[in-house]
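User: I am new to this structure. Please take one residue and look at it closely, then show me the setting around it.

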Amino acid sequence: MVLRFGLESGMSDLKVSTLFSVMKLAHFNSMERNLSDAQSMDEMQNLLLIHSVHHPPYSVGVFSPDDMKRIMDFATDTYYRHYRLYRYVYTEKQLLDLSLAKPAAQIAPVPTPLSEAKPFEDFESQDIEPTVPQPAQQEDPTSQDMEQQGREDVALLDDPKSELIQALVEKRLEMLKDELERELQAKQEEFSLLGQTVYQTPTRPPTRPGSRSGRHR
């Protein structure tokens, strides 16, 4: 069928031979990879493009654009019209491997029979004293420990780094003090403005009962 189409279309021997090889390769690739009809058509178009652009050694220009159009029309009317039948015949049957796993059910423990249960009065008669953890006893410092602590304090005061740390701490405290004063001043200003707004709001005098608007008689 492919050879007759090539001869009736007036193709040369090179084009007829290339067309036969392209159709054969597209068919084998489609059946081996179990492609759908749309994917198989894309595969054939790629093969035809490779043989339509002369760019050796990557591709060889055999077909013209008109040849490609006529070949695709021919393949659509003949081969791809029965493509599902070809795929059913030439592809291996795909079997479903189904395996059932044993369900992992959690078994509840067997409860103790009521004959072995203890009466509630037995629990009430037992005097259970709460256990309060005793605080750890701290040993009194000895004279040697006090002398060692005094020497460490003196060494810390004589260390030049301690003066730097003290200066940094004082600077940080001054910054915190200034920040707190600014926040306190801002809150006082806010409260004063709020108080002025409340006092400046005009109040409507109460209306006497039985009085009417308009001219008095």
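S30 is buried, because its relative accessible area is 0% and buried means under 20%. This is a predicted model, and the values here are computed from it.

Where does S30 sit? S30 lies in helix α2, which covers residues 13-33. The side chain of S30 reaches back along the chain. It comes to 2.7 Å from the backbone oxygen of A26.

Next come the neighbours. Leaving aside residues up to four places away in sequence, S30 touches L35, S40 and Y83.

Now the contrast. Helix α5 spans residues 83-90, and Y88 is part of helix α5. Y88 counts as exposed, because its relative accessibility is 63% and exposed means over 50%. Y88 also belongs to a nonpolar surface patch. L85, V89 and Y90 make up the patch along with Y88. The area of the patch is about 500 Å².

Step back to the whole protein. The protein has 217 residues, and 17% of them count as buried. S30 is buried too, at 0%. The secondary structure consists of eight helices and zero strands. From the N terminus on, the order is α-α-α-α-α-α-α-α.

The contacts can be sorted by separation along the chain. Among contacts between residues at least 6 apart in sequence, 54% join residues at least 24 apart.

Last, the surface. The protein exposes about 20300 Å². Carbon and sulfur atoms supply 56% of that area.

How values were computed: Residues are numbered from 1 along each chain as its sequence is written. This is a predicted model: local features need pLDDT of at least 70, side-chain atom pairs count only at pLDDT 80 or more; totals for chains, interfaces and linings use all residues. Side-chain values use heavy atoms; hydrogens and water are left out. Patches are made of residues with over 30% relative accessible area and no salt bridge: like charges are joined within 9 Å, nonpolar side chains (Val, Leu, Ile, Met, Phe, Trp, Tyr) within 5 Å. Accessible areas come from the Shrake-Rupley method with a 1.4 Å probe; for residues, only the protein chains shown count as cover. A salt bridge is a side-chain nitrogen of Lys or Arg within 4 Å of a carboxyl oxygen of Asp or Glu. Helices (H or I, at least four residues) and strands (E, at least two) are DSSP runs, numbered from the N terminus. Buried means under 20% relative accessible area, exposed over 50%, partly exposed in between (1.4 Å probe, protein chains only). Contact means heavy atoms within 4.5 Å. A polar contact is a pair of N or O atoms within 3.5 Å; within protein, one must be able to donate a hydrogen and the other to accept it, and residues adjacent in sequence count only if both atoms are side-chain atoms.
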